[in-house]
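This briefing is meant to be read with the model in view. Please look over the sequence and the fold, and then follow the points below topic by topic.

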Amino acid sequence: MSHLYFEIQADDLPRARDFYASIFGWKFEENPQAPVEYYYIETGGSRGGLLQRPSECGTNAFVCSVEVDDFDDTTRQIKEEGGQIAVPKFAVPGVCWQGYFVDTEGNTFGIFEVDEDAE
């Protein structure tokens, strides 16, 4: 069995923490033992980390999508918190509603709402 651990790089750590805490209710705990400013992310499911984006290079990474209860309401929250729509809501027929966004740090992420009637 595999487990997912994800990391988000940010230019402004407090802004990124506020964004994800507001949208998804994620909790952040600083790791004082890390060699860089680093926060563990507790999502209630998969776990992750938040760290300062290195000035000499960013990441080349895959995009994670977060399951939400209400796609439209979450989209509204994302926009209110300074996020942008990258790919508008679309149906994955018989599975879900999906869309992609850019957070306040320039990172792309997705959200999806499970809906077997999506067309």
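Read from the N terminus, the elements of the protein follow the order β-α-β-β-β-β-α-β-β-β. The radius of gyration is 15 Å, close to the 14 Å that the globule rule gives for 119 residues, so the protein is as compact as a globular protein of that length. The model is a predicted one, and its secondary structure comes to two helices and eight strands.

**Confidence of the prediction**
- Across the protein the pLDDT averages 91, and 92% of the residues score at least 70.
- Among the elements, strand β1 (residues 5–10) has the lowest confidence, with a mean of 91, whereas helix α2 (residues 71–80) has the highest, at 98.

**Overall dimensions, surface and charge**
- Taken along the principal axes, the box filled by the C-alpha atoms of the protein is roughly 50 × 35 × 25 Å.
- Of the 119 residues, 34% count as buried, while the accessible surface comes to about 7,400 Å², with 47% of that surface belonging to carbon and sulfur atoms.
- Among contacts in the protein with a separation of 6 or more, 52% are between residues 24 or more positions apart.
- The protein carries 8 positive and 23 negative side chains, and the centres of these two sets lie 4 Å apart.

**Tyr20, a residue of helix α1**
- Tyr20 has its place in helix α1 (residues 13–24), and its relative accessible area is 4%, which is under the 20% cut-off, so Tyr20 counts as buried.
- Leaving out residues up to four places away in sequence, Tyr20 touches Ile8, Gly25, Trp26, Phe28, Asp103 and Phe109.
- Although Tyr20 and Thr104 are 84 residues apart in sequence, their C-alpha atoms are 9.7 Å apart in space.

**Cys96, a residue of strand β7**
- Cys96 lies in strand β7 (residues 96–102), and because its relative accessibility is 6%, Cys96 also counts as buried.
- Apart from neighbours within four places in sequence, the residues in contact with Cys96 are Phe90, Ala91, Phe112, Glu113, Val114, Asp115 and Ala118.
- Cys96 and Phe71 are 25 residues apart along the chain, and a distance of 9.8 Å separates their C-alpha atoms.

Key
Residues numbered from 1 in each chain as written. Predicted model: local features only at pLDDT ≥ 70, side-chain atom pairs only at ≥ 80, totals over all residues. Heavy atoms only, no water. Helix = DSSP H or I, 4+ residues; strand = E, 2+ residues; numbered from the N terminus. Rg over C-alpha atoms; globule rule 2.2 N^0.38 Å. Buried < 20%, exposed > 50% of the residue type's maximum accessible area, 1.4 Å probe, protein only. Contact = heavy atoms within 4.5 Å. Areas by Shrake-Rupley, 256 points an atom, 1.4 Å probe, with all protein chains shown as cover. Lys, Arg positive; Asp, Glu negative; His and termini not counted. Charge placed at Lys NZ, Arg CZ, Asp CG, Glu CD. pLDDT = per-residue confidence, 0-100.
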